[in-house]
Amino acid sequence: MIKLEHVSKTYQTGVPALTDISLHIHPGEFVFVTGASGSGKSTLIKLILDELQPTKGKITVNGKNLSHISHRGIPLYRRNIGCVFQDFRLLPDRNVYENVAFAMKVVEASNREIRKKVPQVLSMVGLAAKYRSLPKQLSGGEQQRVAIARALVNQPRLILADEPTGNLDNNNAWEIMRLLEEINERGTTVLVVTHNMEIVERMHKRVITIKKGALVSDVDPEDEEL
């Protein structure tokens, strides 16, 4: 699903963000990426999204070598990736239904498909009754559920969640993590970047830790049990 081979990224300022990172995330895995602020977590996400290109090394996602994707091909590549961010990034002047439908319009889905799929994903995230609400009328947890519905609606093979609980209280944070776990159990690969170690420790998933741009540990509880 995601394979990094000796990947390094140095910015134009000369500051190294990632150094010689090699890792392999398999289809259907749920993986946490942890590390202090400035450790390189966000750079890793941007590399996987092809927003940045590595200085060295090779990145393969969904069987595609990212260095071989043209600038025009990037939007098509990203159709198989759903993104969830800390700040939700909802369109404030559009209601819940329209925010989710927008993701389908971007990929030129038909109106018939939109009318079918949007209610399905809103039901899955528990917001079927609030499809007419504007983002400002929702709690933080509900806004993040809309963001997850938007990420899911085009049925991506991979969900990237960058600090998805960062702006939420503890109860809402756990609801969002349970929802991501449910999505993963349905077969979608989930990669969560977080600094919330309480969640990481209690969920018993694979944990990749980055420190000062280097991969310092990669622990899978299932391997430890063998």
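In this predicted model, Met-203 has a relative accessibility of 10%, and because buried means under 20%, Met-203 counts as buried. The residue belongs to helix H7, which covers residues 197–203.

**Around Met-203**

- When neighbours within four places in sequence are left aside, Met-203 is in contact with Phe-30, Phe-32, Trp-174, Met-177 and Glu-181.
- Two of these partners, Phe-30 and Phe-32, fall within the range of strand S3 (30–34), while Trp-174, Met-177 and Glu-181 fall within the range of helix H6 (170–185).
- Val-193 stands 10 residues away from Met-203 along the chain, and the C-alpha atoms of these two residues are separated by 14 Å.

**The nonpolar cores**

- The largest nonpolar core is made up of 41 residues, and the residues with the most contacts inside this core are Phe-32, Ile-148 and Leu-180.
- Several elements give two or more residues to this core, including strand S3, helix H3 (96–106), helix H4 (111–124) and helix H5 (140–152), and also strand S7 (158–162), helix H6, strand S8 (189–193) and helix H7.
- Among these elements, helix H6 gives the most to the core, with a contribution of seven residues.
- Ile-148 touches Val-84, Val-125, Ile-176, Leu-179, Leu-180 and Ile-183, once residues up to four places away in sequence are not counted.
- There is also a second, separate core, which has 31 residues and includes Ile-21, Leu-52, Tyr-77 and Leu-191.

**The chain as a whole**

- The protein chain contains eight helices and 10 strands.
- Its radius of gyration is 18 Å, which is close to the 17 Å given by the globule rule for 226 residues, so the chain is as compact as a globular protein of that length.
- Taken along the principal axes, the box filled by the C-alpha atoms of the chain is roughly 45 × 40 × 35 Å.
- Of the 226 residues in the chain, 50% count as buried.

**Surface and charge**

- The accessible surface of the protein chain comes to about 11,900 Å², and carbon and sulfur atoms account for 47% of this area.
- The chain carries 30 positive and 26 negative side chains, and the centres of these two sets lie 9 Å apart.

Methods:
Residues are numbered from 1 along each chain as its sequence is written. This is a predicted model: local features need pLDDT of at least 70, side-chain atom pairs count only at pLDDT 80 or more; totals for chains, interfaces and linings use all residues. Side-chain values use heavy atoms; hydrogens and water are left out. Helices (H or I, at least four residues) and strands (E, at least two) are DSSP runs, numbered from the N terminus. Buried means under 20% relative accessible area, exposed over 50%, partly exposed in between (1.4 Å probe, protein chains only). Contact means heavy atoms within 4.5 Å. A nonpolar core is a set of buried Ala, Val, Leu, Ile, Met, Phe, Trp, Tyr and Cys residues joined through side-chain atoms within 4.5 Å. The radius of gyration is taken over C-alpha atoms; the globule rule is 2.2 Å times the number of residues to the power 0.38. Accessible areas come from the Shrake-Rupley method with a 1.4 Å probe; for residues, only the protein chains shown count as cover. Lys and Arg count as positive and Asp and Glu as negative; His and the chain ends are not counted. The place of a charge is taken as NZ of Lys, CZ of Arg, CG of Asp or CD of Glu.
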